[in-house]
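User: I'm new to this one. Can you walk me through it?
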Amino acid sequence: MVFNNDWLLSQIRGTANMIGKVFKLETILIDLGVVEDEEGRTINGNDYLNQLIIDEKFDLATDFIHGQMKRLSTYEYNRLVDIYIAYLKSLDSETQKRNQISDDSIQTVQDNLRNFNW
């Protein structure tokens, strides 16, 4: 029973850490505006991005972040990209494997986000 409690506690701790790390955009004061989610509801952009990350929808999160290039200052956008890339690098190996994330794919994401496309 002790093993199960330890396992459960580590799962809870891991989830809490992930949610705690998920971006903390409110502490860095990046306002991602208001967006429409997949169901057509209008929601806060920060909440939308956090939910994409929690749901492991990294392709949608990357696209959403790239779309912020036009509305954020260069500093804010670069900060957002840095936080996102750091988050991807900090994912546990199981999550990376499940989502086919490697060091090379993270570098590709970073390069694509840094590309200036209008």
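Analyst: Let's begin with a term. On a 1 Å grid over the protein atoms alone, a pocket is an open set of points where a 1.4 Å probe fits, with protein on both sides within 12 Å along at least five of seven lines; lining residues have an atom within 4 Å of a point. This is a predicted model: local features need pLDDT of at least 70, side-chain atom pairs count only at pLDDT 80 or more, and totals for chains, interfaces and linings use all residues. Residues are numbered from 1 along each chain as its sequence is written, and side-chain values use heavy atoms, with hydrogens and water left out.

User: Which residues lie nearest the centre of the second largest pocket?
Analyst: Phe58, Asp59, Asn99, Ile101 and Val109 do, out of 13 lining residues. The second largest pocket holds about 190 Å³ of space, counted as the space filled by probe spheres set on the points, which are joined across faces, edges and corners.

User: And which element gives the most to that lining?
Analyst: H7, with four residues. The elements giving two or more residues are H4, H5 and helix H7 (103-114). Helices here are DSSP runs (H or I, at least four residues), numbered from the N terminus.

User: What classes make up the lining of the second largest pocket?
Analyst: Six nonpolar, five polar and two charged residues. Ala, Val, Leu, Ile, Met, Phe, Trp, Tyr, Cys and Pro count as nonpolar, Asp, Glu, Lys and Arg as charged, and the others, Gly among them, as polar.

User: New topic. At what angle do the axes of H4 and H5 cross?
Analyst: Roughly 165 degrees, and the axes of H4 (residues 58-67) and H5 (residues 74-90) come within 10 Å. That makes H4 roughly antiparallel to H5, a label for angles over 145 degrees. Axes are lines fitted to C-alpha atoms over the stretch in contact, and angles run from 0 to 180 degrees between N-to-C directions.

User: Which residues of H4 make the contact?
Analyst: Phe58, Ala61, Thr62, Ile65 and His66. Their partners on H5 include Tyr77, Leu80 and Val81. Contact means heavy atoms within 4.5 Å. By class, the contact of H4 with H5 has nine nonpolar, two polar and no charged residues.

User: What about H5 and H7, how do they pack?
Analyst: At about 170 degrees, axes 10 Å apart. That makes H5 roughly antiparallel to H7. Their contact has eight nonpolar, two polar and three charged residues.

User: Last one. Where is Gln100?
Analyst: In the loop between helix H6 (93-98) and H7. Gln100 has a positive phi of about 55 degrees although it is not a glycine.

Conventions: Parallel < 35°, antiparallel > 145°, perpendicular 65-115°, else oblique.
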